[in-house]
Amino acid sequence: MRFRIFTVVLVTLLAGGCVGVPQGGRVLSGNAGGVEQPIDDPYVRIIPVGPDRDWPPTMIVQGFRTASSSFDGQNGEHQVARSYLACASCWKPGAASIVYDQLDTPASEDDGPGRATVTLQGTQLGKIGADGQYIADRRAFKQVFHLRQDAQKQWRITEPFPPELLLSRDDVTRAFRTLDLYFFAPDAQVLVPNPVFIPLVSRSWLATQLVKQLIAGPTTWLKNASVRSEFPAGTTLRDLKVEGGVATVNLSRQARAGNLRNMSIQLMWTLRQLREVQQMQLKIDGKTIDVPGVSGTLQSTRDWEAFDPDGSGEPQPAYVRRADGRLGHLDGGGAQVVLSKLQVAHPAISYDHRQVAALNAAADTVTVTDLLGGATRTTLHATAKDGTFTTPSWDSRGNVWVAESTATGSRLWVIEGGTRPAPVDGWALTPYPVKALRISRDGTRAAVIVKVDGRWQVQLGRVDRAPSGGLQAEGFIAISSELQSAIDLAWSATDHLAVVGMTNANPSPSLFDVPVSGAPISPMIGPGGEMTTVAASPGSPLLVTQRVTGSASPNAKTLNVCRLSDRFDEWKCYNGTSDPAYAG
């Protein structure tokens, strides 16, 4: 019996970068607000090899599994993998995949003359859906393959064919790219990213598939957040060409009924992630279209900068709690008092910088205060015995969100317009304590640190309208299986979190960049000391609270807020400050 090498590995420049491997989260990531995604790094393509006539059932299954990770063929139809099947045309897998962490040695059973069964078992990390959405689901899995010998006594896989591809974490890193589709928040002109995993067949195929998925609408998970797409029902992509930096998008006639400006915004923000696209021309049924708000027929990436999901991206004012308990504005000289009589803990600043929501020292009361005149706008008291609040969080519509938590559960509150407190009835995390909650700028997603199975996990949920008309926060999923526990988090971009947490490799509190897509987390250099809280804002330096040993006594601990210098990559710390905050 001969054993041939299954694959040949070639490095090409067809398309870029490592999407990162799903480690326990869902799909929601990409390039917005200047956060670059390495989609243009060299691409490692695996060229698959077909079956040898002498291979036994286990080698046939292993060869099929390897070949099915290549997406070979003009449209990624797995031509070589199909040669392992008794009926090549009967298998229609698409991009749906089981993503595994490790695989056990295959087990083979003789089912009689010319028939066999091969079982693959291992540890599943999650699944990629047909719509490109990754859902974490770490568990043991088993996939059974039935085989028979053909007339030439060669083993082939028979029906039922596996409905999903079986891919390792390395397969996903190599063969997929994570890119954002952009939709509008339900009641505002704010873009919401919807990252999807797209197999890389070719560079032109990637751009075409990206637009096709945009027109098809958001993934099932985000669709339930009631985001809007401006493409009319029935709209299809007739063709797409990218030449000389210009993407010409030709839509079907149904697009005439849509909002040309908003469709262009969605298209431009989605296509601008590809380095070869600097401008876009919109056609409908072959006819070039003039788009309102654009001079001429060519749109550039600059035309829709006002819709950046991360806002302006300019450095934002930083705030802290001073040692005397008052709110301070952080500048080069220290923390300058904002309101002389205002005492705060864990402050949160509104996006217009006119209001502050903060806790009292016991964390059982939330107060919203006018920063211009110092007047109290509203006060919310904990309703549960021993209930305490998380740090408040603002969305861009002027609502304050806060979770009230006990040792046995939690509830969610929203202070609409900063003045009208109301409980959120549709709160999926009611049975679980919550340590931290941060609403995304667009108001459609909530990042939380929640206690599940004795561990503080980082999870992501969606915010939408319940059937009753009220608000609800549901669909929470774990983001990363790498993080073993988390202490605090903040949105550093529309699709990234800055997290203070621990991993198996680093059990001390450390600083991590965490994509909300479930891609691998990245450690960041912190200021030293014991880190307790973090604040972040797109285009602004990170702020971290450190607890350090005092010089007067080895047992004394003091708090300092440290700010990262982007220019020198150094941390500057401000003695006696804590609870850093940016707007949001």
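Predicted model: local features only at pLDDT ≥ 70, side-chain atom pairs only at ≥ 80, totals over all residues.
View 1. Residues are numbered from 1 along each chain as its sequence is written, and side-chain values use heavy atoms, with hydrogens and water left out. Strands (E, at least two residues) and helices (H or I, at least four) are DSSP runs, numbered from the N terminus. Strand 19 and strand 20 are antiparallel and joined by 3 bridges. Two strands count as paired if DSSP finds at least two bridges between them. The two form a hairpin with 5 residues between them. In its turn, H353 has a positive phi of about 60°.

**View 2. Strand 20 (residues 355–359) is largely enclosed by the rest of the structure, because 5 of its 5 residues are buried.** Buried means under 20% relative accessible area, exposed over 50%, and partly exposed in between (1.4 Å probe, protein chains only). Q355, A357 and L359 point one way. V356 and A358 point the other way. In a regular strand the side chains alternate between the two faces of the sheet.

**View 3. Strand 20 also pairs with strand 21, through 5 antiparallel bridges.** A358 has T367 of strand 21 as its bridge partner. This hairpin, too, has 5 residues between the strands. A363 takes a positive phi near 60° there. Strand 21 (residues 365–370) is joined in turn to strand 22 by 5 bridges, again antiparallel. V366 is partnered by L380 in strand 22.

**View 4. An open antiparallel sheet of 4 strands runs in the order 19-20-21-22.** Strand 19 (345–349) and strand 22 (376–381) are the edge strands, each pairing on one side only. The twist averages 15° from one strand to the next. Axes are lines fitted to C-alpha atoms, for helices over the stretch in contact, and angles run from 0 to 180 degrees between N-to-C directions.

**View 5. Another open sheet of 4 strands has the order 18-17-16-41 and antiparallel pairing.** Strand 18 (334–337) and strand 41 (578–581) each have a single partner strand, so one side of each is left without a neighbour in the sheet. Neighbouring strands are turned by 35° against each other on average, direction ignored. Strand 17 (residues 327–331) is joined to strand 18 by 4 bridges. D331 stands opposite G334 in strand 18.

**View 6. Helix 4 has 14 residues and reaches 20 Å from its first C-alpha to its last.** That is close to the 20 Å expected at 1.5 Å a residue, where the expected span is 1.5 Å times one less than the number of residues. Its buried residues include W205, L206, L210 and L214. Among the elements covering the buried residues are strand 9 (176–184), strand 12 (246–251) and helix 6 (260–271). Just after helix 4, G217 takes a positive phi of about 105°.

**View 7. The largest nonpolar core holds 100 residues.** Such a core is a set of buried Ala, Val, Leu, Ile, Met, Phe, Trp, Tyr and Cys residues joined through side-chain atoms within 4.5 Å. F176, V249, L271, V458 and L497 touch the most other members. Helix 4 (residues 203–216) gives the largest share of this core, 7 residues. Apart from it lies another core of 18 residues, including A403 and W427.

Technical notes. Contact = heavy atoms within 4.5 Å.
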